Amino acid sequence: AGYTPLVYANLSMFTKDLYASEITAKYPAWLARYNNVAGYSGDYDFWQYTSSGSVPGIEGNVDLNWHFPKK
């Protein structure tokens, strides 16, 4: 159907539980780490840096992310 899978994991999973370098060679990666710096030296395409963000028009907390497109 044209969908691209990706892997969503936190810092601990990327560094301890997954073969991250093998995964990110084939698929986009989405790092969840609620901090002011990602603090991960591996490859990732998205960084979810908070779950307590705000967006006008949306009530309550929302996740906020950065996307780093490949050139």
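## Aromatic pairs

Let's start with the rings: this structure holds 7 aromatic pairs. One of them joins Phe14 and Tyr40, whose rings are stacked, with 5.5 Å from centre to centre and 25° between the planes. Phe14 belongs to helix α1 (residues 11–17), while Tyr40 sits in the loop between β2 (29–32) and β3 (46–53), so this pair ties together parts that are 26 residues apart in sequence. Please keep in mind, as you look around, that the model is predicted.

Are these two residues buried or exposed? Phe14 has a relative accessibility of 3% and counts as buried. Tyr40 counts as buried too, at 14% relative accessibility.

## An edge-to-face pair

Tyr44 and Phe68 make another pair: their ring centres are 5.8 Å apart and their planes stand at 85°, so the pair is edge-to-face. The cut-off behind that label is an angle over 60 degrees. Tyr44 is found in the loop between β2 and β3, and Phe68 in the segment after β4 (62–67), so the pair ties together parts that are 24 residues apart in sequence.

Phe68, at 36% relative accessibility, counts as partly exposed.

## A cluster of rings

Now put these residues together. Phe14, Tyr40, Tyr44 and Phe68 are linked into a cluster by ring pairs.

## The chain as a whole

Stepping back, you will find 2 helices and 4 strands in the chain. Followed along the sequence, they give the pattern β-α-α-β-β-β. The C-alpha atoms fill a box of roughly 40 × 30 × 25 Å along the principal axes.

Of the 71 residues in the chain, 25% are buried. What share of the contacts between residues at least 6 apart in sequence join residues at least 24 apart? For this chain, the share is 15%.

Technical notes. Residues are numbered from 1 along each chain as its sequence is written. This is a predicted model: local features need pLDDT of at least 70, side-chain atom pairs count only at pLDDT 80 or more; totals for chains, interfaces and linings use all residues. Side-chain values use heavy atoms; hydrogens and water are left out. Rings of Phe, Tyr and Trp (its six-membered ring) pair if their centres lie within 6.5 Å; planes under 30 degrees apart count as stacked, over 60 as edge-to-face and the rest as tilted. Buried means under 20% relative accessible area, exposed over 50%, partly exposed in between (1.4 Å probe, protein chains only). Contact means heavy atoms within 4.5 Å.
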